[in-house]
2 protein chains.
Amino acid sequence: MAERIRNFNAGPATLPLPVLEEIRSELKNFRGSGMSILEVSHRSKWFDDVIEDAKARITRLLNLDERYKVLFLQGGASMQFAMVPMNFLSENDHADYVNTGTWSTKAVKEAEIQGKRVNVVASSEDRNFCYIPKNIRPTPGAAFMHITTNNTIKGTQYHFLPDSGGAPLVADMSSDILCRPTDVSRFGLIYAGAQKNLGPAGVTLAVIRQDMLDRVPDTLPTMLKYTTAADKNSMFNTPPCFAIYVVGLVLKWIEETIGGLGAMEARNKKKADTIYGYLDSTDFYNATADPDSRSWMNVTFRLPGEDLEKKFVAEALENGLGGLKGHRSVGGCRASIYNAMDPEGVDELVAFMKEFEKKNG
Amino acid sequence: MAERIRNFNAGPATLPLPVLEEIRSELKNFRGSGMSILEVSHRSKWFDDVIEDAKARITRLLNLDERYKVLFLQGGASMQFAMVPMNFLSENDHADYVNTGTWSTKAVKEAEIQGKRVNVVASSEDRNFCYIPKNIRPTPGAAFMHITTNNTIKGTQYHFLPDSGGAPLVADMSSDILCRPTDVSRFGLIYAGAQKNLGPAGVTLAVIRQDMLDRVPDTLPTMLKYTTAADKNSMFNTPPCFAIYVVGLVLKWIEETIGGLGAMEARNKKKADTIYGYLDSTDFYNATADPDSRSWMNVTFRLPGEDLEKKFVAEALENGLGGLKGHRSVGGCRASIYNAMDPEGVDELVAFMKEFEKKNG
């Protein structure tokens, strides 16, 4: 096998090669410290530079005003499913959730486990979550509306922001954060596990509007309060230093190599158009998501029969194209083409798909 | 500055150089996968091998029988302070805690925040935590007894196991796990943030006796139940893959390079004897912990005056000896000499200390 494959895994996912090169180059001696980034104290100026740089880059890329704080947490989106209702939903309040797939369903479940009042105001479960609902109607007085902006497993993505009736949006953006410019002003909280579009597994980015912090009950365990990370600059205790460092390198790559989120949007749109354009031109492959809800990040498709799908995944890997198997809960095929996937990788995939169709169609 | 310094930081802390070399050598192509370990799916055979190898090594090193499960969690010891009472202490039960410093105090606080009944059965607060209490008397019927086996900030360590009246011990071993052979049979739970003796920041090892899992209430949020990690092999959601991988490499180094925990104990004892032996031979430096409670991992000491301490820390760094400043809450100096610190590093430190005394004594 070649030194590197094209990695279409859904997460952990491919990283920009220059990021891996940079990690490698300074792994034994981080910027003159005489220590690895794996070894420097989180209370040192070395790490302080790392975390401040990462925060500044997020602030620039998302165009955050002074109301927003950038936090680095642990536990992935699944921990956020629990923390969101714990922090923002008091006994007498209720929240609106939109259910667009596996992860939204889990978010609802974690609120319900806590006995919180949740209204599922819209769902696409009727058609196995192959679309984003259009008629999303908020309930009056909801504390927030929770959405999952991209659905990794089902291959759907919001291309609009729903009417939340004035309530702040709370969004799981684990699989599409920074894929294009985002108007953050309507969001009270955005959270994202890093391992898809931001870096390696092991750190969760949170962007929180400070008025949300006023809702946090004093009675929560310290590590489960957003106020703890906000007050202590994400360093109440030792943070996942290395993962934050790699996220910083990915952010630098977005800003300095790609040229920011406008350029990232153009690049991602081109990749999505290339693969969906091909899928729409043939009957051999079938895209599973409705056209207006298709994800730019996770392209889900079927072949005529499961045996052919298995053969496709195996032969693709032999050709240096890895991770194309669909999620175990839905089957089929999936190409995850996050920010770090080069357009050339998508071109190679489409060329292989054409060849495979020719031989097996 | 030289390529690498001797790193006496308390955590994140020094790692074995062969571990850094191995990470570097396979960073772009992990064991023929064509992907970085930062990019491989946690559902892949590549990562499965990593986590199973790490679990097997912990099982061998701690001589665990089939009652114990090895888990990898997130959030550090601070998250465990919250999870322990949440999982193991029902409304009608009470638990015993021994307070030996900053971290024990925090553990007690997190139980109390939840309204749990906690008895502090012994404390060394009367002398600023410079010793481990001897007369630890359990209360009848305690659900568990919580101890902090090594106190990073105060430089003390248990060299015995307290009488817990038959209750399982629950131990924060963040800063001395695997420093020597341990009889695990009295422990219901051992937990340890990795960033001192095990690897990089970002993963928490937990070793749990399965009967403890029977106590876990169904009503807890999914990510906060030990049963979730136990049932899902620490992969309910994406684990901190890279940190687990590095922990695995450190464990391999302990087994295959050092020769196991017996050899590790001899090595650590020698390092501790070298530095405490010198501290006891001079009046210029003063070890702060009582002799029978001294930590093998964190050696805390004072010089005659804070100005001299500042000078000591600065000149040490100029001589390639870093991280010798005491914790900001106590001042003074501290040399953390965890598993990964070579005996040669301690020899170099003592040589510098002698030289410094000669010039300034």
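## Guided tour of the predicted model

Begin by selecting N63(A), which lies in the loop between α2 and β2 (68-73) of chain A; helices (H or I, at least four residues) and strands (E, at least two) are DSSP runs, numbered from the N terminus. The model is predicted: local features need pLDDT of at least 70, side-chain atom pairs count only at pLDDT 80 or more, and totals for chains, interfaces and linings use all residues. Residues are numbered from 1 along each chain as its sequence is written, chains are lettered from A and ligands numbered from 1 in the order in which they are written, and side-chain values use heavy atoms, with hydrogens and water left out.

**Backbone features in loops**

N63(A) is not a glycine, yet its phi is positive, near 55°. With a relative accessible area of 69%, N63(A) is exposed (buried means under 20% relative accessible area, exposed over 50%, partly exposed in between, with a 1.4 Å probe and protein chains only). Accessible areas come from the Shrake-Rupley method with a 1.4 Å probe; for residues, only the protein chains shown count as cover.

Move to N233(B), in the loop between α6 (226-231) and α7 (241-258) of chain B. N233(B) also has a positive phi, of about 50°, and is partly exposed at 22% relative accessible area. Most residues other than glycine have a negative phi, and most peptide bonds are trans.

Next, select P12(A), in the loop between β1 (6-7) and α1 (17-25) of chain A. The peptide bond leading from G11(A) to P12(A) is cis, with omega near -5°. In chain B, P12(B) sits in the loop between β1 (6-7) and α1 (17-25), and the bond from G11(B) to P12(B) is cis, with omega near -10°.

**Salt bridges in chain A**

The whole structure contains 40 salt bridges over all chains, each defined as a side-chain nitrogen of Lys or Arg within 4 Å of a carboxyl oxygen of Asp or Glu. Select R31(A) and E22(A), a salt-bridged pair whose closest N and O atoms are 4.0 Å apart. R31(A) is partly exposed at 41% relative accessibility, and E22(A) is partly exposed at 22%.

Then display helix α2 (residues 45-61) of chain A, where D53(A) and R57(A) lie 4 residues apart, about one turn of the helix. Their salt bridge has its closest N and O atoms 3.0 Å apart. D53(A) is partly exposed at 32%, whereas R57(A) is buried at 7%.

A further stop is D280(A), which forms a salt bridge with R294(A) at a closest N to O distance of 2.8 Å. D280(A) lies in helix α8 (residues 261-280) of chain A and R294(A) in the loop between β11 (286-287) and β12 (298-302), so this pair ties together parts 14 residues apart in sequence. R294(A) is buried, with a relative accessible area of 11%. Now select D53(A), R57(A), R60(A), E255(A) and E256(A) together: salt bridges with shared partners join them into one network.

**Sheets and strands**

In chain A, three strands form an open antiparallel sheet in the order β11-β12-β14; two strands pair if DSSP finds at least two bridges between them. β11 and β14 (333-336) stand at the edges with a single partner strand each, so one side of each is left without a neighbour in the sheet. β12(A) and β14(A) are joined by 4 bridges, with V299(A) partnered by A335(A).

Turn to strand β8 (residues 169-172) of chain A. L169(A) and A171(A) point one way, V170(A) and D172(A) the other, and all are buried. Strand β5 (residues 145-148) runs parallel to β8(A) over 4 bridges, M145(A) being the partner of L169(A). β8(A) also pairs in the parallel sense, over 4 bridges, with β9 (residues 187-193), where D172(A) stands opposite Y191(A).

Now select strand β9 (residues 187-193) of chain B, in which 7 of 7 residues are buried. β9(B) pairs in the parallel sense with β8(B) (residues 169-172) over 4 bridges, L169(B) standing opposite F187(B). Strand β10(B) (residues 204-209) runs antiparallel to β9(B), joined by 5 bridges; there, L205(B) is the partner of A192(B).

**A charged patch**

Finish with R43(A), K232(A), K109(B) and R328(B), which gather in a patch of positive charge on the surface. Patches are made of residues with over 30% relative accessible area and no salt bridge: like charges are joined within 9 Å, nonpolar side chains (Val, Leu, Ile, Met, Phe, Trp, Tyr) within 5 Å. Lys and Arg count as positive and Asp and Glu as negative, while His and the chain ends are not counted; the place of a charge is taken as NZ of Lys, CZ of Arg, CG of Asp or CD of Glu. K109(B) is found in helix α4 (residues 102-113) of chain B and is partly exposed, at 47% relative accessible area.
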